[in-house]
Amino acid sequence: MPSAGALPAPFITPIHRDCNGVQLPVNKIDTSTLIGLSTDAPNCKIYFTTDGSKPLPFQRKIGGTERTFKYFAPFCLKPGKRTLKAVCVSRDGLLESAVVSKDFNVVDLEKSGTVEGYESTNSNTTLQSFMEESSDGEYNLKPGKVKGAVMKSQSRKRTAPKEAWTDSFYQDPAATGASNEIDQYPPIPDGPFNPTNYSGTQINVWGAPPGLWQGMNASNSMVTIGTGPPAPPYPVQYGFLTEQMIKGLKPKDEAPKSQGVTLSDIRKLMEENTPKPQPPAIEYKPVWKDPPLNPVSPGNDDYQGNILHIFAHMLNMAKSKNSFKRNIGEYRMGKILEAKMEDEGDGYNLNIVFEKPGTQRGTTKKTTQSPIKKTPPVEVKPKTMIPPKETKPKVVLPPPPAAVLKPVEPPKPKPQKKADAYFEKEIENIPCDGTLKPFEPFNAEADAEVLHNAMKGLGTDEESLINVLAYRSSPQRAEIITTYKTMFGKDLVSDIKSETSGNFCEALKGLCLKPAEFDAFMLKNAIKGLGTDEDVLIEILCTRSNAQIQEIKKVYQEKFNKSLEADIIGDTSGHFKKLLVSLLQSNRSDSKEVDRNMANQDAKALYQAGEQKWGTEESQFNKILVSRSFPQLRATFEEYKKISKKDIEDVLTSEFSGDILSGLKTIVRCVKNRFHHFARQLQKTMKGMGTDDSTLIRIIISRCEIDLVQIKEEYKKLTGKSLEQSITDDTTGLYQKVLLALATGGAPPTAK
């Protein structure tokens, strides 16, 4: 029995059928036996593994493969010895039960026929899968047709239950040798278990809610179905039916005897149970209204009335005088630093000094150009003889001491202008260089002709594809794509997909996208389908500036007709979801000034919300790390170290875990040294056995025109060898050549 306040462990229950009174041993089941997981605790989630490892609810992917699964409905296991472990987690993720484990020896009755003298006389009813592959590569649940649930004789061929889960993508039935018959399509993919449906909808594989079966009894941790009166069968079973929808169906005695559940009935139930979308809230924009333009201000200590009077006349002057309108609208101004009003007798002089963002008052000298005065011609007068004055002997003074010359600091290099405007919107304008520069002399038509000839006819000249796409800047590649379609009436990306494959194809496709489109497509690929690639969300949203995030959201809406924020809210949860939603608001301060008092207050607030408190106040970390500017955060981290004697990264590691820890540490590392952070990420992609090719391609393409030169320097300090050498050791073939071309830069081999 669990202690007070703890969660009870879940139950693992195999659901056997009554096979002529013969009951299998407790730990032996067949491939058609369903495994059910349940718990006595309300509002809890169950996670499980089938390979004997401990379920990790907050780290479901290990090495890019999903190991821990969330339980939705009963499932089947594949043949062999299987160790099933399950754990129960509260809805808020704060409580976790003990791990319960159970071993099963799963036998495939389709192949063996008998298990220890047991011979089945009842055939299985084949459950049809409703997973179909759409044209864009995503997998959706669609209703399929299922034959009537008619019991077959023992001589008829028995079919194994369909499997609807796999670690890899689904294959075409023609490629796997499957026929187009209903009981063989879709093909059976590989996987450790066979859930009826794990795409989010609960399917009752028995055709009715478990509690409505007559004769179902539980004994010795087994569930058997007795020989009581048969439950009303459902001639058609659809994968999108939920238990609530099944309970809403009429029993057999109330329905017409001539027909069962029809497709129109199911559609009507779906329409009744589908929540209607709420109409979007109407946002009323404030209507701008100019203040009244009075000839004389009220005066008599009415400072508000006088300020409105000044404001109204300044607006009127801006409308009437274009020069004043241009001058006052050109500059970005901060708060008022000084204000002085003087009575000049025939008028009032109002002098206001505003703060200049990024510049401290008094640090720069005011440069004024005095008007050039024309001097009248000087009349030449006749010289008059002046008697010489008596000269006194000059006193020779000792020479002044030599001034000590201070060493002149070399001027800091100005950051070079980037080829694409998207790259100019980085968080901090730190001097940095990319390896990929604009190619000169550039001719879009000539490059389009080279690409067309490289993919024309039999075979492909991959070297020509690399020499053009890997040595042109982003704006140049965009112009080549437009010119290619104009000249040949074909899409360059489609031709590349048909002529290349593998990681080489993925790299070339990434080069054909504009920077904002590339980030938007990476986010879409991370969200779509089963599961979410949280590393991609963290890498892009935690390292991009306000302006870049705004452009990504705009492109995402245009390309996919969906809101990026809504998609992320639907695919994430907990404090990690709150962090990403906060970053999507793109409300980080852009100020370059540092307020030491604010830094000290923020450091104290972080200390009180973390180390000094029992538990962690995550909202305080979210608020400060998302809203403060990078220079301000550096000062905050310095103040925190004075208070806590610990580095902020060590504190985050001790207070957080999972995806929220990765997101916060990414922000902190980018604040400290952005180049070092990306060097660490590149090291992780090529460390150990295997290579994380998708992350390697994403970082090389997104940083090769911004700061890959500095990232390579940090990489060499971190690993002791160059980035080019690591790419050579971990990749091969054309994929290696295109990565080396982007990492090295310079002119293409044919132009040298």
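## Helices H22 and H23

The axes of helix H22 (residues 674-685) and helix H23 (residues 693-703) cross at roughly 150° and come within 9 Å. Axes here are lines fitted to C-alpha atoms over the stretch in contact, with angles from 0 to 180 degrees between N-to-C directions. H22 and H23 are therefore roughly antiparallel (angles over 145 degrees). Their contact (heavy atoms within 4.5 Å) involves Arg674, Phe678, Gln681, Leu682 and Thr685 of H22, and Thr695, Leu696, Ile699, Ile700 and Arg703 of H23. By class, the residues of this contact are 5 nonpolar, 3 polar and 2 charged.

## Basis of the model

This is a predicted model, in which local features need pLDDT of at least 70 and side-chain atom pairs count only at pLDDT 80 or more, while totals for chains, interfaces and linings use all residues. Residues are numbered from 1 along each chain as its sequence is written, and side-chain values use heavy atoms, without hydrogens and water. Helices (H or I, at least four residues) and strands (E, at least two) are DSSP runs, numbered from the N terminus.

## Strands S1 and S3

Of the 5 residues in strand S1 (residues 11-15), 4 are buried (under 20% relative accessible area, 1.4 Å probe, protein chains only). S1 runs antiparallel to strand S3 (residues 34-38), and 5 bridges join them; pairing requires at least two DSSP bridges. Thr13 has Gly36 of S3 as its bridge partner.

## Asp40

Asp40 lies in the loop between S3 and strand S4 (44-49). Its relative accessibility is 59%, so Asp40 counts as exposed (over 50%). Beyond its neighbours within four places in sequence, Asp40 contacts Pro8 and Phe11. Leu7 is 33 residues from Asp40 in sequence, with 8.7 Å between their C-alpha atoms.

Note on methods: Parallel < 35°, antiparallel > 145°, perpendicular 65-115°, else oblique. Nonpolar A, V, L, I, M, F, W, Y, C, P; charged D, E, K, R; others polar.
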